[in-house]
Amino acid sequence: MTRTALILVAAGKGARARTTIPKQYEKIGDETLLSLTIKNITKAHDFSEIRVVVSKEDSWIDTVLEAHKLTGVTTTGGASRTESVHNGLKSLANRGIDRVFIHDAARPFVSKQIMADLNAALDVVEGAAPALPIADALKNLDGSPVDRDKLRRVQTPQAFHYEAICGAFSTYAQNRSYADDIAVAHAAGMKLSFTEGDPDNFKVTYPEDFAKAARMIDESYIATGSGFDVHQFDMESVGPLWLCGIPIECGYSLLGHSDADAGLHALTDAILGAMCFGDIGDHFPPTDPQWKGAASDKFLLFAMETLKDRKGSLQHVDITLICEKPKIKPYRDAMRAKISDLCCLPLSRVSVKATTTEKLGFTGRGEGLAAQATATVRFNG
Ligand code: MG
């Protein structure tokens with residue numbers, strides 16, 4: 001079986017990123033740039049050995065490696081990138097390595113495809129690197145044209161037959177610094193090829209690149225849930241009729257196991273729906289005596305608590321009450337204020353509307369009322 005090794009070059013100071021600590025330890029979302037790179041590249045390929053080349057003064061590396069359960073993988077870098085890679089190569093001596101992938105710690109988005117293409121290339125040549133064509137027109141500083149078709153932007157990982165690249169470094173890179181490892185291989189006359197690069201495999205170099213990387217790992221999303229509920233009028237009762245958390249003194253009430261507040265039930269179901277977390281009946285079964293006559297704000301507060309646990313935040317609610325009676329308009333503002341209060345949502349994001357069904361159907365006949373609701377929720381990944 002082919003034994004492949006990864007050398008991650010993380011000894012740089014990242015001066016161009018203008019960060020106070022080395023840029024590979026700057027956070028992107030919840031994790032450091034280096035951690036993100038380790039996570040993605042080890043997902044993209046199963047390596048037999050890993051080496052992380054770090055500077056002598058590095059005091060952050062252990063925490064990062066512990067999180068990935070990697071031990072004994074660090075090698076001390078040198079004065080230049082070339083020297084650092086050389087140290088990494090030497091640290092893999094006598095480990096039976098066939099192929100080595102040398103990668104910048106600051107390129108966090110390596111794909112399986114890039115790794116597969118490089119591996120396929122190494123079946124034919126001794127060294128390969130992903131490369132991208134150049135879309136912009138190129139000019140020399142004197143204005144004369146440059147043929148962009150003959151140029152490529154070269155990325156990492158750069159992949160090599162281990163013995164061949166070790167030989168190239170020993171002979172050609174003892175006291176010389178190169179821009180990358182393909183350059184060393186080229187100086188040694190190794191047989192090379194380029195595979196297809198990936199624009200997402202960019203190097204985090206400048207401050208704006210951190211923002212771009214953060215956007216790429218942003219897993220936040222918006223969800224909309226809907227809810228619907230119906231309750232029959234209890235004309236025997238003297239009321240009040242509870243709707244959207246407000247008692248309406250109309251001389252009758254709604255029939256139900258709890259206080260039968262169809263408005264809050266529909267809203268609760270909408271929030272549960274946005275979380276894909278079942279419905280109100282799953283969490284508060286009507287067969288359970290403890291919910292008999294219960295105030296429905298309990299159900300809504302349960303949905304809001306669950307939402308908070310799941311890193312969701314309610315953005316907007318819209319409730320439509322469907323009935324011929326009672327008249328909703330006089331209570332609408334109080335309903336909005338109550339929901340705003342229960343959901344800790346600004347009043348400007350709470351809508352309560354009412355409509356009739358033109359005397360048609362059960363609501364038209366005044367047998368009961370219906371409520372429907374939508375809840376818009378943002379989840380922060
Ligand atoms: Mg109900």
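A: Let's start with the overall layout. The domain assignment divides the protein chain into domain 1 (4-216) and domain 2 (221-379); such bounds come from an automatic or database domain assignment. The C-alpha centres of domain 1 and domain 2 are 56 Å apart.

A word on the source: this is a predicted model, in which local features need pLDDT of at least 70 and side-chain atom pairs count only at pLDDT 80 or more, while totals for chains, interfaces and linings use all residues. Residues are numbered from 1 along each chain as its sequence is written, and side-chain values use heavy atoms, with hydrogens and water left out.

Now to the sheet. Helices (H or I, at least four residues) and strands (E, at least two) are DSSP runs numbered from the N terminus, and two strands pair if DSSP finds at least two bridges between them. An open sheet with mixed pairing is formed by 5 strands, in the order β16-β13-β19-β17-β18. β16 (253-254) and β18 (350-355) are at the edges with a single partner strand each, so one side of each has no neighbour in the sheet.

Moving through the pairs, β13 and β19 are antiparallel and share 13 bridges; here Gly 225 has Ala 375 in β19 as its bridge partner. β17 and β19 also run antiparallel, joined by 10 bridges, and Gly 312 stands opposite Phe 379 in β19. By contrast, β17 (residues 312-322) runs parallel to β18, with 6 bridges between them. Leu 321 has Ala 354 in β18 as its bridge partner.

Next come the helices. Helix α8 (residues 262-274) packs on the sheet and touches β13 (220-234), β17 and β19 (368-380), its direction making about 155° with that of β13. Helix α10 (residues 297-309) packs on the sheet too, touching β17 and β19, and its direction makes about 150° with that of β17. Contact means heavy atoms within 4.5 Å; axes are lines fitted to C-alpha atoms, for helices over the stretch in contact, with angles from 0 to 180 degrees between N-to-C directions.

Finally, the two helices meet each other. The axes of α8 and α10 lie 9 Å apart, at an angle of about 15°. These helices are therefore roughly parallel to each other (angles under 35 degrees count as such). Among the residues that meet are Leu 264, Leu 267 and Ile 271 in α8, and Phe 299, Phe 302 and Leu 307 in α10.

Terms used: Angles under 35 degrees count as roughly parallel, over 145 as roughly antiparallel, 65 to 115 as roughly perpendicular and the rest as oblique.
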